[in-house]
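Here is a short report on the structure shown below. It goes through the sheet, the helices, the core and the chain contact in turn.

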Amino acid sequence: MDQVTAMPASSSDSLVRVEHLKVHFPILSGVFQTESGRVRAVDDISFEIRKGETFGLVGESGCGKSTTGRAVIRLRNPTEGTVFFDGKDLMGLSRNELRKMRRRMQIIFQDPYSSLNPRMTVGSIISEPLETHKLVSGKARIERVRELLALVGLNPNYTNRYPHEFSGGQRQRIGVARSLAVEPEFIVCDEPISALDVSIQAQVLNLLVELREKFGLTYLFIAHDLSVVRHISDRVGVMYLGKLVEVGPPTAIYETPGHPYTRALLSAVPIPDPKAERRRKRVILTGDVPSPANPPDGCRFHTRCWLYERLGRPEQCRTVDPELRVVAPEHQAACHFAEEALQSDVGVAQVREGAATRRGTPDSATAGLEAEHAAAGVAAAASASEPSPSTPSGEPEG
Amino acid sequence: MTVSEESGGAGSPTVAELPNDVTVETEEGRLLAEQLADDRRHARKLLEVRNLSTQFFTREGVVHAVDDVSFEVEYGETLGLVGESGCGKSVTALSLTRLVASPPGKIVSGEIIFDGIDIMKLSSEEMRLLRGRKIGFIFQDPMTSLNPTLPIGFQIAESARLHLGMSRKAADDRAVELLAKVGIPRARERMGDYPHQFSGGMRQRVMIAIALACDPMLLLADEPTTALDVTIQAQILDLIRSLSAEFGTAVILITHDLGIAAGMCNRINVMYAGRIVETGMVDDIFEQPKMPYSWGLLDSLPRMDEEKGSRLRTIEGLPPDLINPGKECRFSPRCKYVHDRCRVEEPDLSEREGEGHLARCFGTEPAGWIK
């Protein structure tokens, strides 16, 4: 156990530490399949995830966030760099050691339709990790599966049903149950709710929060939806074209972002409030994300950067790749002109006052409901019970 | 194409009754002409949908995908159809242009009056002439809605040649102009490129160029940005917004994203289980919604302009099966405020505070129990 590389000095509470991680994919061409180039999916990123926290990783498609998620639990071997899990270097582990380590780290995938084997019953899907890791067997295993189903809000009697009998949200709950089976400490959630409908998204998101509190889980939460990431994360990292461009607590990232890309990303997120939408100051980025096979020199964002234009195209941005640097306590940004970005008012949406309570449902109605519940002995709760899984047609794909 | 005479409906003047020409020489005359043009526009809606029902006849039974839906679209306005998957918003849009796949689908009843034309009475040939010419489409997936074997220039020019009878040369010029308008650089050089040479956002721009090729009066945008990244989404929405303002094109925007609806629409129809459950001006829908389903939708969204929260209020359960919708309020099995009446009788859309604000809920009616 102790043959692993000693962990360099760092905050003692870090569970996962990623150092100079690179994942490159070769582009093979010609008859001899010679390497003619490389897709730099993840290009030298470093960050740490502390015990018990949720680290949100956001970015657009192709920015390398999912590849990062997979490399962190070594589902994909990095080209360079290392990942320390609880102080142990994952890259230095043998197959056997890695398998043992995997018991402590799990993943929940995006697509609840393709990540469950359609020929396996829910019971066997959830008990497979128990079998692999030789944890419990026989009657105890069946009991454990039932317990897991109940934990994620499904009927424990459904163990003999197949995935197609469940709706998207219910399938995602099965995926969550599977990842929890081995009692992990760390779960990579790779876009766990983006395939689901709005009202179902909220249900699964609440479940993830509940489980985190119950078991003290640490999450790496990968998503493209900035609103969801703000809701669930303790710290947030923003990726662009294989690089981590900004890291910080949500208040810093969402209210005083220090990278022009973060500001542009925020300004593109629609807010469900017509008045706020009319008030916002937007920057609309022009063009598409450049190819990660041939990223721009200097700062990778300079080809689309509004701040670069505003500052009169400084040479530094074209020639020097900016490193992540501290711009405020706990807050790092990779921009030569982060101070200017911090000063700007572009993109951010003002946090509404009293927003936590007042949303769609009027307060008076909520109060009325509570009074009624008190009087009627929570009769309405009965209507909110788990629907029958035999009619997933209620939530068809659009 | 025939223009049905009774399209104005009872009470409002038909177009024929309004004088056509007024001399515009004097200032007074000009004002009068503007007034008249305005009146003419307001006398008639661009689109009136009355009691539209579309059903799908499947082996399991008849699916009531769109059930007795009525709404209007004014000239130049943006109307949002909002709801979750399966609520009938896409089928509504397909029904408007009679594009519902048949079998299994069929528009079983209803009236659709588009710019005075009764769409249900058109022959399929007349319908084909109307689509593309007067009504443009943008679909969710720009990859499958473009023909991969034809250059994009051809695909844009095709619509101008067919519908406007332009020569090949004139249609090509029009295509170049449109490509430039939707923000594709070096438009003339890119005319010969194929869809696979474009990124997702660029393909959606090409789709918009095709949709606008004949200067349509109505643009049907069905989840136009769902397949795109958020920064590209902002570009496309901005483009739709500015083009519809420039050409005075009305837009029906179908989306599940309430944020997009808030930023784009003048009015919103919230749909649930094949029905419109609430309709109103955008500010009313977001600021004083009057239907527990609308509340639930707004409550369940994590928001960027809110501090980290611990728990979202959710709508428990799933939408109902549309094969046997029953007589109750369709939201009642999931509603926290449900009373016995809701389980036996479905409320009608009735008026609430605010212009054209209607909701389908007994509880929020003046005599209701939700205050």
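## The sheet of chain A

A:F84 stands opposite A:D89, a residue of strand 5 of chain A. The model is predicted. Strand 4 (residues 80-85) also belongs to this part of chain A. Strand 4 and strand 5 (residues 88-89) of chain A run antiparallel and are joined by 2 bridges. Their hairpin has 2 residues between the strands. In that hairpin A:D86 takes a positive phi, near 50°.

On to the neighbouring strands. Strand 4 of chain A pairs with strand 1 (residues 14-29) of chain A in the antiparallel sense, over 5 bridges. Here A:T82 of strand 4 is the bridge partner of A:E19. Strand 1 and strand 2 of chain A are also antiparallel, and 13 bridges pair them. A:I27 faces A:G37 of strand 2 of chain A across this pairing.

## Helix 1 of chain A

How many of the 8 residues of helix 1 of chain A are buried? The count is 7 of the 8, so this helix is largely enclosed by the rest of the structure. The buried residues are A:K65, A:S66, A:T67, A:T68, A:G69, A:A71 and A:V72. After helix 1 of chain A comes A:R74, with a positive phi near 55°.

## Helix 3 and its partners

In helix 3 (residues 122-132) of chain A, the residues A:V122, A:I125, A:I126 and A:S127 are buried. They pack against helix 4 (138-151) and helix 5 (168-180) of chain A. An α-helix has 3.6 residues a turn, so residues three or four places apart point the same way. A:K134 follows helix 3 of chain A and has a positive phi, near 50°.

Now the packing geometry. Helix 3 and helix 5 of chain A pack at about 30°, with axes 7 Å apart. That angle makes helix 3 of chain A roughly parallel to helix 5 of chain A. Helix 3 contributes A:V122, A:I125, A:I126 and A:P129 to the contact, and helix 5 contributes A:I174, A:A177 and A:R178. By class, the residues of this contact are 6 nonpolar, no polar and 1 charged.

## The nonpolar core

The largest nonpolar core has 208 residues. Those with the most contacts inside this core are A:L220, A:F221, B:I156, B:A209, B:L218 and B:I252. Helix 7 (residues 200-212) of chain B gives the largest share, 8 residues.

Take B:A209. Leaving aside neighbours within four places in sequence, B:A209 is in contact with B:I156, B:L178, B:L179 and B:V182.

## The contact of the two chains

58 residues of chain A are in contact with 58 residues of chain B. On the side of chain A, the elements that give two or more residues are helix 6 (198-215), helix 7 (226-232), helix 8 (250-255), helix 9 (260-268), helix 10 (274-279) and helix 14 (363-376). Helix 6 of chain A supplies the largest share, 7 residues. The side of chain A that touches chain B has 30 nonpolar, 18 polar and 10 charged residues.

Technical notes
Residues numbered from 1 in each chain as written. Chains lettered and ligands numbered in written order. Predicted model: local features only at pLDDT ≥ 70, side-chain atom pairs only at ≥ 80, totals over all residues. Contact = placed C-beta atoms within 7 Å. Helix = DSSP H or I, 4+ residues; strand = E, 2+ residues; numbered from the N terminus. Nonpolar A, V, L, I, M, F, W, Y, C, P; charged D, E, K, R; others polar. Buried ≥ 20, exposed ≤ 12 C-beta atoms within 10 Å, placed from the backbone. Pairing = 2+ DSSP bridges. Core = buried A, V, L, I, M, F, W, Y, C linked by C-beta atoms within 7 Å. Axes fitted to C-alpha atoms, helices over the stretch in contact; angles between N-to-C directions. Parallel < 35°, antiparallel > 145°, perpendicular 65-115°, else oblique.
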